[in-house]
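Subject: Structure handover

Dear colleague,

I am passing on the structure we spoke about, and below it you will find notes on what was found. Please read them with the coordinates open.

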Amino acid sequence: MSAMTSSSSPAPMTVAGLFAGIGGLELGLERAGLRTEYLCELWGPARAVLSERFPGVPLDLDVREVKRLPRADVVTAGFPCTDLSQAGRTAGIAGEHSGLVRELFRLLRAGRRSLPTWVVIENVRNMTVLGSGSAMAHVVQGLEDLGYRWAYRVVDSRFSGVPQRRQRVLFVASRTEDPRGALFADEAGEPPAEELADDAFGFYWTEGLRGLGWARDAVPTLKGGSSLGIPSAPGIWVPAAEQGRRVVSPRLEEAEALQGFPPGWTGPVEGSARAAGTRWKLVGNAVTVGVAQWLGGRLAGPGEPLATGRELAPGERWPLAAWGAKGRRFAAEASMWPLRLPYAHLSSLVDLPEAPALSLRATGGFYQRLCRGGLKVAPPEFRDDIAGHLASHGLGVMGHSSSADGPGHLASHGLGVMGRRALERDEAAAVACLPRAAGTGGH
Ligand SMILES: C[S@@+](CC[C@H](N)C(=O)[O-])C[C@H]1O[C@@H](n2cnc3c(N)ncnc32)[C@H](O)[C@@H]1O
């Protein structure tokens, strides 16, 4: 080997990112040594983030208008989940938004003579079950029509060390490499329960009981929006905190960190209208950076696949991990935790003593929904503390009727007439179902 070849390191693998959002996938791949050379993203705020965080990288607007992709080793497509997610419209893969995955296949077909080595597709776990898994069948068919072998694995972002339970399907496909070597070379398994702390629990307050999203030492999946379409922070219950500080939310920069981004990553959006809601949405839509970093390492250096599996019968449910080619499908024995990277406990990532308390309005509405249904997942103290939180903010059985702040208190929340009416409705309904103990400040 000549001195020249021995000293030169191989050129980094290149990435073309479709549906790039704020570049969670691409940032993770870059951290694994890959280089982003092309991006495509339609939404203005996401484009503002990409332009600043990936300076100089060509950024196309609408994937439907793109004629050809530049040559790249990896093409990524975290296509819109709006029609596939539980929180979304569930129109399925034929839906207006999620159906855009067809553009990926169109572009791959258009560049048939220089197909990428790897195709990476990411979406919500719900796609494995929605419409009997028709979205999975669609993606698999699209890849097989192009001659790709494919594998997928549902992974939980917590494996990358962030306290966010986020389960996503990662597809990897290749014509020249074995995709199992990328997805199934690592297996750590879920950690034992005693490795998780007992001091903070995440939940959704926006979805009522249908999606309480109860998570120990973690927040549930950060979302682009609730079922009401409102981008919102999850709640965190801190049972040992003083009353009034037991129900809080992470701040935006902490949400960025919960997704593995450097705090302030979506800062370029600041100054635009409704920046906070937009930033939450961008963060909730993204791929967790550490997940993409693990994957990038395995695309650059596939390993020996550990998974064994059995052939799936036609029409059988899609398992949590599988691989296949040319019409044959095999279930893989792979957990959602390929690695178990050092875990940032929720109470160490979120500054709980300083975290904003969940607002009276949010808590009132949430409590009302709690009252309507049974509370099966969370401990009974949780419900008491939600009531106590209301009471400590001047709203309880006694507090509501005798509260000295009354309308002034509502006004102090900066609400207009409509907002105040809605709040009053929420408060009244919440009060109607408060346990008697709530007026005393709870437990
Ligand atoms: C689930 S998000 C992708 C998130 C991204 N992988 C990340 O890590 O940030 C889907 C993205 O597709 C974008 N999108 C929707 N329609 C598009 C189109 N016609 N062309 C390009 N991008 C589009 C959305 O604006 C959204 O940012």
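A residue is called buried here if 20 or more other C-beta atoms lie within 10 Å of its own, with C-beta atoms placed from the backbone. Please keep in mind that this is a predicted model.

By that criterion helix H9 (residues 289–300) is mostly covered, since 11 of its 12 residues are buried, namely Val289, Gly290, Val291, Ala292, Gln293, Trp294, Leu295, Gly296, Gly297, Arg298 and Leu299. The helix reaches 16 Å from its first C-alpha to its last, close to the 16 Å expected at 1.5 Å a residue. Its buried residues pack against several elements, among them helix H2 (24–31), strand S4 (74–77) and strand S5 (118–124).

The largest nonpolar core has 114 residues, and those with the most contacts inside it are Val74, Val120, Trp150, Phe171, Val172 and Ile236. H9 gives the most to this core, with six residues, and the core draws at least three residues from each of domain 1 (3–191 + 287–332) and domain 2 (359–443). Not counting residues up to four places away in sequence, Val74 touches a set of residues that includes Val120 and, from H9, Leu299.

In helix H3 (residues 44–53), Pro45, Ala46, Arg47, Ala48, Val49 and Leu50 are buried, and what covers them includes strand S2 (35–40), strand S3 (59–60) and helix H8 (275–285).

As for the ligand, 22 residues lie around it, of which Phe19, Gly21, Gly24, Gly78 and Ala286 come nearest; this shell divides into 14 nonpolar, five polar and three charged residues.

With best wishes

Conventions:
Residues are numbered from 1 along each chain as its sequence is written. This is a predicted model: local features need pLDDT of at least 70, side-chain atom pairs count only at pLDDT 80 or more; totals for chains, interfaces and linings use all residues. A residue is near a molecule or strand if its C-beta atom, placed from the backbone, lies within 6 Å of it. Ala, Val, Leu, Ile, Met, Phe, Trp, Tyr, Cys and Pro count as nonpolar, Asp, Glu, Lys and Arg as charged, and the others, Gly among them, as polar. Helices (H or I, at least four residues) and strands (E, at least two) are DSSP runs, numbered from the N terminus. The expected span of a helix is 1.5 Å times one less than its number of residues. Two residues are in contact if their C-beta atoms, placed from the backbone, lie within 7 Å. A nonpolar core is a set of buried Ala, Val, Leu, Ile, Met, Phe, Trp, Tyr and Cys residues joined through C-beta atoms within 7 Å. Domain bounds come from an automatic or database domain assignment.
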